[in-house]
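Please take a look at the structure below. The report that follows covers a pocket and a domain interface.

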Amino acid sequence: MTELSEGRLRVALVGTGAIAHAHAQVLARDPLAEVVAVADPNPAVRDAFADEYAVPGRYDGLDQLLDAETVDVVHLCTPPGLHKDQAITALRSGAHVVCEKPPVLSLKDLDDVLEVAREVGREYAVVFQQRTGTAVGHVQRLLADGTLGRPLVGVCHTLWYRRQEDYYAVPWRGKWATEGGGPLLGLGIHQLDLLGFLLGEWAEVDARAFRLDRDVETEDTSTAVIRFANGAIVSVLTTALAPRQVSYVRVDTTLGTVEVEHLYGHDARSWRLTPAPDVTGGEAPDAPESWTLPTDDEPSGHAPLLRAVYGALRAGEPLPAVAADPHRSLELVTAIYASASLGRPVTQADLAAGSELRDGFLHGIEDRRPMRTR
Ligand SMILES: NC(=O)c1ccc[n+]([C@@H]2O[C@H](COP(=O)([O-])OP(=O)(O)OC[C@H]3O[C@@H](n4cnc5c(N)ncnc54)[C@H](O)[C@@H]3O)[C@@H](O)[C@H]2O)c1
């Protein structure tokens, strides 16, 4: 295994479209990282991006980039259908990989990528930035150590709005082969990931998928009931059809209600903790002091995520919790598609090693059970 560069880490960004800017902006503020090269087959987009961030190396694709450059970290900001092959190529070149969500298009593909990462001794970090920020860290600890009691019920809403004319005009979107799924995989996975970060492992999923309005191959709306291993029951609604957009995750426990309401990122003001009357004695409005959100508030986002990942890479430590375990939200997405397709609840056992459902939630989804349309 090659050693990481001394001093500044040499970074490559692959895919220089919309989200790559979030990566470049964070990396520009890291004195110990340097974006040395970018790759994108669209020369106009690539060169404008490289000019904006003063990146010297400019290539049509990952292979050409790796032939010409030595890099420590490769960021994948490409369409989801490319993530698996590009991650394996980058890992085998000796680089760590930071990959945008969704990590890959199936649990089998995730197994394969993580196997290569183990084999070559490199990390595969996935960007699920809703886990980051000081407030979510605080709430996650309160739930994990029992301070908030036992989780009972919850809500997980991704009510977003994506138009046919622009969002779904991008050729890779709305198709099973290239996007891998609909709003559930592309949008709702953020909230499902946060939910799983708060509540831990899931046990059973009962779901439906619908194509109500958009002209896409995939669903545009889905519903699910998730039972978590700790017994909590959560109602999930994910859609690209909601003009007043909101991302909302809520957990009601034996001692109180935890809620976060935002759109694409949250901070302490987005969170609300409401104690049950039993906790306050029914009169006092205040929650116990230990519930108080930290005042040194940092919002969720790519900045805390990449800082934590780069800190671990430099220290040679395992990935931090905010960037590890990409399987859980992909399992939930898989289970929702599988349940909608099979017309029955899906459990962890259904997704065990060797199950055909690990090969991809898409295979024949509509052959099994036509999606409900208008
Ligand atoms: N974390 C988040 O909040 C967030 C937000 C938006 C998008 N994303 C994810 O980021 C990824 C990219 O989404 P986007 O909105 O930036 O898409 P985009 O279409 O704006 O950008 C993708 C870029 O990849 C380039 N590309 C295509 N094929 C390539 C190849 N073989 N090699 C290198 N580059 C190639 C395209 O030319 C394009 O410039 C997706 O996985 C998406 O789900 C994450």
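## Pocket and domains

By class, 19 nonpolar, 15 polar and 7 charged residues make up the lining of the largest pocket. The model is a predicted one. The largest pocket holds about 950 Å³ of space. Its lining counts 41 residues, and those closest to the pocket centre are Ala 18, Ile 19, Cys 77, Trp 172 and Arg 173.

Which helix gives the largest share of the lining of the largest pocket? That is α7, with 3 residues. Both α4 (83-92) and α7 (183-199) supply at least two lining residues each.

The chain is divided into two domains, domain 1 (9-127) and domain 2 (131-301 + 328-373). Each of them gives at least three residues to the lining of the largest pocket.

How do the domains meet?

| Item | Value |
|---|---|
| Separation of the domain 1 and domain 2 centres, over C-alpha atoms | 27 Å |
| Area buried between domain 1 and domain 2 | about 1,200 Å² |
| Salt bridges between domain 1 and domain 2 | 1 salt bridge |

In the interface, 13 residues of domain 1 are in contact with 18 residues of domain 2. Carbon and sulfur atoms give 70% of the area buried between the domains. Lys 101, Leu 105 and Leu 107 supply 49% of the area that domain 1 buries against domain 2, more than any other three residues.

Now for a salt bridge. Arg 358 forms one with Asp 111. The closest N and O atoms of Arg 358 and Asp 111 are 3.1 Å apart.

Terms used
Residues numbered from 1 in each chain as written. Predicted model: local features only at pLDDT ≥ 70, side-chain atom pairs only at ≥ 80, totals over all residues. Heavy atoms only, no water. 1 Å grid on protein atoms, 1.4 Å probe; cavity = no way out; pocket = protein on both sides within 12 Å on 5 of 7 lines; lining within 4 Å. Points joined across faces, edges and corners; volume = space filled by probe spheres on them. Helix = DSSP H or I, 4+ residues; strand = E, 2+ residues; numbered from the N terminus. Nonpolar A, V, L, I, M, F, W, Y, C, P; charged D, E, K, R; others polar. Domains from an automatic or database assignment. Contact = heavy atoms within 4.5 Å. Buried area = accessible area lost by both parts, 1.4 Å probe. Salt bridge = Lys/Arg side-chain N within 4 Å of Asp/Glu carboxyl O.
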